[in-house]
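Visitor: I'm new to looking at protein structures. Could you walk me through this one?

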Amino acid sequence: MYSVNYHRAASVTDAAKLVKNGDAKLLSGGMTLIPAMKTRLAAPSDLVDLSRIKDLQGVKVSGKTITIGAGTTHYEVASDEKLKKACPALAHLASLIGDPAVRHKGTIGGSIANNDPAADYPAALLALDATIVTNKREIAADKFFKGLFETALKDGEIVTAVTFTAPAKAAYEKFRNPASRYAIVGVFVAKGKDGVRVAVTGAGDDGVFRSKEIEAALARNFAAAALDGMIVPAKNLMSDIHASADYRANLIAVMAKRAVAAANA
Amino acid sequence: MGIEGVGARVARKEDKRFITGAGRYVDDMVVPGMKHAAFVRSPHAHAQIKKIDVRQAQGMPGVIGVLTGKELKADGIGNLICGWMIHSKDGSPMKMGAWSPLAFDKVRYVGDAVVVVVAETKGQARDAAEAVDITYKELKAVVDAPKALERGAPQIHPEADNNLIFDWELGDGKATDAAIQAAAHVTRMKIVNNRLVPNAMEPRAALGHYDKAEDHYTCWTTSQNPHVARLVMSAFYNVAPENKLRVIAPDVGGGFGSKIYIYPEEIVCLWASKKTGVPVKWVADRTESFLTDAHGRDHVSTVEMGFDKNNRITGLKVDTIANLGAYMSLFSSCVPTYLYATLLSGQYDIPAIHANVRAVYTNTAPVDAYRGAGRPEATYLLERTMETAARELGVSPAELRRKNFITSFPHQTPVIMNYDAGDYAASLDAAMKASDYAGFAARKTAAAKKGKLRGIGMSNYIEACGLAPSAAVGSLGAGVGLWESAEVRVNAVGTIEVLTGSHSHGQGHETTFAQLVNQRFGVPIDSVSIVHGDTDKVQMGMGTYGSRSGAVGMSAVAKALDKVEAKAKKIAAHLLEADEGDIVIEDGTLKVAGTDKSVPWFQMALAAYTAHNLPGGMEPGLKETAFYDPSNFTFPAGCYICEVEIDPETGTTEIIQFVAADDFGNIINPMIVEGQVHGGIAQGIGQALLEGAFYDASGQLLTASYMDYTMPRASDLPSFKVSTSNTPCPGNPLGIKGCGEAGAIGSPPAVINAITDAIGVTDIAMPASPSTVWAAIRAATKH
């Protein structure tokens with residue numbers, strides 16, 4: 001790791017000021033940034049630590065509206081009793097991220113701001129039609145996730161929370177990369193008041209995306225059987241030593257089917 | 001056996017320090033004035049070095065020295081060598097290319113060390129390493145061994161035309177061809193044994209310290225054989241004369257073969273210490289380990305196995321291309337030859353065998369022995385072929401094997417080995433019983449009802465351990481002898497130190513060697529200390545690899561114990577005024593048989609050192625040394641059965657059960673043996689399902705971290721059912737065969753046989769990842 005200046009932000013306003021220093025980066029759980037710095041692949045001049053900002057913590061459930069502070073750890077999301085009732089699929093998803101050490105440090109805000117193409121949360125937020133709240137504005141998930149490690153966030157813009165309406169039914173099925181345990185394919189299906197949304201992570205060569213053909217099939221009939229014989233095109237899917245595009249296409253259909261079965265269970 | 005003797009399940013003495021984080025590894029060693037090294041490594045798989053500019057790096061904060069290969073060469077430091085001479089079938093010696101510890105004219109794989117930076121801190125050394133400016137002219141690279149042999153492939157070393165290191169054969173080609181020709185049935189396969197990265201928990205490390213006042217060098221290093229390291233570094237690399245070089249291998253966190261060899265880094269740390277005047281430490285990071293630890297396996301073979309009309313094997317013909325990587329590592333040449341082709345008879349009576357092996361340079365990390373070393377490759381080839389043959393012939397895989405088993409011993413195979421003892425049917429029966437082999441069909445039907453594919457596969461392995469005798473391996477090209485040494489020091493109060501040339505890097509010698517002493521003299525194992533891993537403390541020894549610590553290392557201890565016992569009995573007889581032939585040792589006491597006269601062990605020891613009352617002419621003291629050179633290899637064998645269930649939708653393989661029935665000869669500590677088997681099976685299942693080192697065509701290692709290289713996790717593995725049915729080894733005084741590698745040798749073919757059985761294909765590539773299995777199922781159902 002190269003030497004770096006560390007700042008602990010007391011508030012979001014404080015963080016917004018500090019992040020203007022040199023080539024500063026925001027630090028939340030650090031589960032991606034710190035390993036990248038250790039291997040000298042990332043070299044920010046300054047780190048602005050958001051993890052002690054109280055305003056960014058915690059899960060709020062108000063009627064059907066769920067708001068999760070950006071600094072909430074995966075463990076807190078996975079174990080929040082209110083969330084487990086309101087949207088168990090998201091709590092379950094958080095329980096599948098990394099290992100216990102990662103889940104106790106990594107945060108939802110950090111994960112979506114990083115937008116790793118194999119991360120789990122982007123699929124959930126896209127399928128749940130969530131809104132990403134920043135210190136400047138509110139951004140719809142459809143507009144937020146832009147590609148591989150790319151988001152709509154401007155320089156220095158800080159994610160403060162995500163908010164969404166609890167779906168009637170939802171589930172997440174993840175097929176893990178055997179080495180990294182990230183998703184080779186993760187499919188989040190959600191049936192809400194505005195219809196069915198299905199988002200896929202781990203597979204797209206431009207990051208998380210919605211599967212229009214699966215959404216269409218499930219809009220007609222929200223049942224696993226609706227996906228029998230479903231063929232997902234392999235075009236625009238990633239291919240690497242762990243999985244070919246064809247294999248990922250197959251897994252999207254299989255995981256979607258299993259997710260629907262779980263959502264209906 | 002007593003509660004601490006041979007055969008007892010004694011908890012490991014050394015585990016207290018390991019599991020409380022109190023072990024002492026090379027990185028824990030601190031010498032006054034110690035500084036840190038970082039290596040500048042080639043980012044290219046194949047390139048000429050046009051220019052090395054170190055000026056900017058020299059001016060960086062904390063930098064003490066920036067040293068290059070030219071300076072190393074000017075100081076007379078030699079090239080790394082391969083210590084086992086193989087001659088091609090045309091009689092020419094193997095073509096060994098130069099391997100400079102620091103490359104100066106050409107780099108040949110990603111990770112090749114070029115420059116070393118010594119600085120006050122590790123961070124400063126790394127910062128300065130990044131400031132070293134090397135101009136390369138990139139050359140075309142080749143990573144695949146068969147491609148490296150093609151006309152027009154990039155030429156890696158000038159010494160080896162077309163990258164061919166040797167073209168070697170073993171066995172009777174004519175007789176084998178005739179047998180195949182006349183066979184009623186011939187099974188033919190192409191067999192690929194995938195490349196693996198050893199992944200010891202502790203990365204390699206070295207601390208070199210040149211003491212100017214004494215004109216003496218000390219090297220702390222992660223070695224499985226510190227004496228061999230000292231010998232090679234002095235005799236071949238000209239680092240220091242043997243008497244002025246002390247090599248210490250303290251606690252070492254796993255080796256699996258990868259820490260047998262002498263690597264550039266320990267040589268450079270010693271040389272750089274003299275050059276810069278400060279002790280120099282280097283510890284590999286995990287990426288350096290992936291890139292530069294000697295890899296394992298990487299064979300591509302074709303095989304033909306002929307059967308007569310009664311399904312008896314008549315001949316076996318094998319052609320293998322072995323990828324040795326960019327340089328010949330210390331024992332690389334013996335792995336695909338004498339540790340491989342000599343085991344191709346397996347457990348079977350095969351009248352004619354011929355193997356041809358071509359060893360090839362590629363632009364990849366050097367390849368050398370890795371847990372099993374050649375024997376896993378032989379077993380995989382043979383047991384995959386047997387399974388396929390059984391399917392082709394329409395007979396039970398178990399019965400085809402049983403029919404061809406060797407049943408009388410000694411048995412001379414057509415490929416050098418003379419098997420001394422074994423009972424292969426006993427292991428087969430035990431494994432079939434433990435796995436309820438007979439009930440498999442019903443389980444397969446039940447699984448099919450759930451939409452799952454069940455398969456069962458077996459593997460009947462044999463391996464050769466102990467690597468001996470020295471004269472025999474010498475005649476086959478070994479540059480060293482493969483005996484072992486021991487010294488037993490009985491202290492004046494009767495406690496005992498055993499100095500062994502074997503080296504423990506996880507095997508539990510501090511416990512098992514003490515159990516052997518306890519068995520002899522009744523001394524509690526807590527009063528027996530095992531000393532190893534330091535060339536200043538221990539007499540010359542050969543180290544630990546090839547499952548040799550028990551069969552060879554402990555046999556040397558037994559020989560020394562014989563001498564101690566003889567002298568102890570003489571002293572006791574003198575003290576008790578009895579005939580030495582009447583003295584027996586029981587429960588820590590020397591007794592006159594059939595009487596109540598006795599002298600406690602400690603009192604006899606004290607008498608040896610007070611020397612007030614010793615037999616006339618006897619030297620004081622009680623300390624004996626022995627060197628033991630075995631008369632033959634040992635031949636552990638066994639039967640492994642694996643049952644899998646595959647989810648055809650995702651290609652995921654779940655191991656439902658894994659049974660191991662081994663014959664290890666006599667066992668000192670069953671718990672430690674089971675641990676060895678468990679670890680070996682985990683590595684073997686790792687090879688079959690999870691692990692694979694992949695380079696892209698340009699020579700970049702794609703699996704250079706745990707993000708991409710899949711290590712087996714506990715959740716990937718079932719609880720193993722292990723058992724032993726042992727035939728003592730007649731070749732050594734303890735009847736031990738060895739157990740360190742069996743698991744890794746026997747398991748990959750059992751797993752792949754089960755998977756191919758489940759999905760109805762002839763072959764599938766290792767690692768059989770979900771993606772690979774799914775593609776195989778899809779390809780099979782398309783036809």
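Visitor: How many residues does the contact take from chain B and from chain A?

Guide: First, this is a predicted model, where local features need pLDDT of at least 70, side-chain atom pairs count only at pLDDT 80 or more, and totals for chains, interfaces and linings use all residues. Residues are numbered from 1 along each chain as its sequence is written, with chains lettered from A and ligands numbered from 1 in the order in which they are written. Two residues are in contact if their C-beta atoms, placed from the backbone, lie within 7 Å. Counted like that, chain B puts in 14 residues and chain A twelve residues.

Visitor: Which helix gives the most to the side of chain B that touches chain A?

Guide: Helices here are DSSP runs (H or I, at least four residues), as are strands (E, at least two), numbered from the N terminus. The top giver, with three residues, covers residues 770-782 of chain B: helix α20.

Visitor: How many helices and strands does chain B have, and why is it called as compact as a globular protein of its length?

Guide: Chain B has 20 helices and 28 strands. Its radius of gyration (over C-alpha atoms) is compared with the globule rule, 2.2 Å times the number of residues to the power 0.38. For 783 residues the rule gives 28 Å, so chain B is as compact as a globular protein of that length, with its close value of 27 Å.

Visitor: What share of chain B is buried?

Guide: A residue is buried if 20 or more other C-beta atoms lie within 10 Å of its own, exposed if 12 or fewer, and partly exposed in between; C-beta atoms are placed from the backbone. Of the 783 residues in chain B, the buried share is 58%.
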